[in-house]
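Please read them with the sequence and the structure open beside you.

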Amino acid sequence: MAETGAHGSTAASAAGVGLSKGGGTATAPAVLEVEGLSAAYGPVRALDGVTLRAESGRITAVLGANGAGKTTLLRTISGLVRPTAGRVVLNGEDVTRSPVEAMVTKGMSHVPEGRGVIAELTVDENLRVGSLFRGKVGQDEFDRVYDLFPRIAERRGQTAHTLSGGERQMLVIGRALLARPKVLLLDEPSLGLAPRIVAQIFALLRKLVDTEGLSVLLVEQNARSALSVADTGVVLNLGRVVVTDDAARLAGDEDLRHAYLGF
Ligand SMILES: Nc1ncnc2c1ncn2[C@@H]1O[C@H](COP(=O)(O)OP(=O)(O)OP(=O)(O)O)[C@@H](O)[C@H]1O
């Protein structure tokens, strides 16, 4: 198991060391910095001093068992849950306790678990509803999403309730991308999907990260898949960071895999 330092970060990851999957350079600017973040639901302490960073052009996977605090972490970062302590810094600006709309404007998009689409509306209408908060969005931006997700493009006139789980996941990611985020928070995109579809979605994320410098904070219970696409992994247990390390090293750490990742 990798050596952990303060807040569970390894010395290597704290220094931003580790090659990206795209073969890029070791250090990238932090788009998102989370420092000592804590959150509670009444007496239940769900997050306890979580520190991590998400960098431009990199995928950071947050892993852990049921109840580890992964969803709460994303909800607290994006302003849906009020932290009891700690800071969220986006592009160098302290955005802790900013309203969700402000987070979106400043470059953070959150795709929650559950693939929330409006079932009665068409795919195209779902995309347009999702872009309303941005004011006028050019057709070229919708076309870009359709280019990224050809399956969604083929189904643009269909009502969303006819979509498969994978297509819904693509639609909600596409909708989030219309906000032109610097950092995309994704909660369990693989849940209930066939491995082939998960691989397609992860490959697309990898492409966006490598070509556009997007930063992705990916929450997953499916640790094996997540580590195969991520640059860095952060393992949570009972609301605390257990270890932060290069994704390939985490995947190869048998003790850690057995103790926290279930594969
Ligand atoms: N709305 C809530 N009210 C009370 N307790 C909650 C609430 N949401 C989560 N919790 C508790 O907070 C802790 C962290 O839950 P969270 O959903 O963040 O974990 P998780 O790692 O995302 O788990 P899962 O993979 O099962 O979704 C758990 O103990 C959970 O029971």
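**Notes on the model**

1. By class, the shell around the ligand holds four nonpolar, seven polar and one charged residues, where Ala, Val, Leu, Ile, Met, Phe, Trp, Tyr, Cys and Pro count as nonpolar, Asp, Glu, Lys and Arg as charged, and the others, Gly among them, as polar. This is a predicted model, in which local features need pLDDT of at least 70 and side-chain atom pairs count only at pLDDT 80 or more, while totals for chains, interfaces and linings use all residues. Residues are numbered from 1 along each chain as its sequence is written.

2. The residues around the ligand include Tyr-41, Asn-66, Lys-70, Thr-71, Thr-72 and Gln-221, a residue being near a molecule if its C-beta atom, placed from the backbone, lies within 6 Å of it. Both β2 (44-55) and α2 (70-77) supply at least two residues of this shell, and α2 gives the most, with three residues; helices (H or I, at least four residues) and strands (E, at least two) are DSSP runs, numbered from the N terminus.

3. An open sheet of six strands runs in the order β6-β7-β8-β3-β9-β10 with mixed pairing, two strands being paired if DSSP finds at least two bridges between them. Its edge strands are β6 and β10 (240-246), each of which pairs on one side only. Within the sheet, β3 (residues 59-63) and β8 (residues 215-220) pair in the parallel sense over five bridges, and the bridge partner of Thr-60 in β8 is Leu-217.

4. Helix α2 also packs on the sheet, touching β3, β6, β7, β8 and β9 (232-237), and its direction makes about 145 degrees with that of β7. Contact here requires C-beta atoms, placed from the backbone, within 7 Å, and axes are lines fitted to C-alpha atoms, for helices over the stretch in contact, with angles from 0 to 180 degrees between N-to-C directions. Helix α11 (residues 254-261) lies across β3, β9 and β10, running at about 45 degrees to β9.

5. Is helix α7 mostly covered or mostly uncovered? It is mostly covered, with twelve of its 13 residues buried, that is, having 20 or more other C-beta atoms within 10 Å of their own, whereas 12 or fewer count as exposed and values in between as partly exposed, with C-beta atoms placed from the backbone. The buried residues of α7 pack against several elements, among them β6 (108-111), α5 (139-148) and α8 (195-212).

6. Arg-82, in the loop between α2 and β4 (85-90), counts as exposed because it has 11 C-beta neighbours inside 10 Å.

How values were computed:
Contact = placed C-beta atoms within 7 Å.
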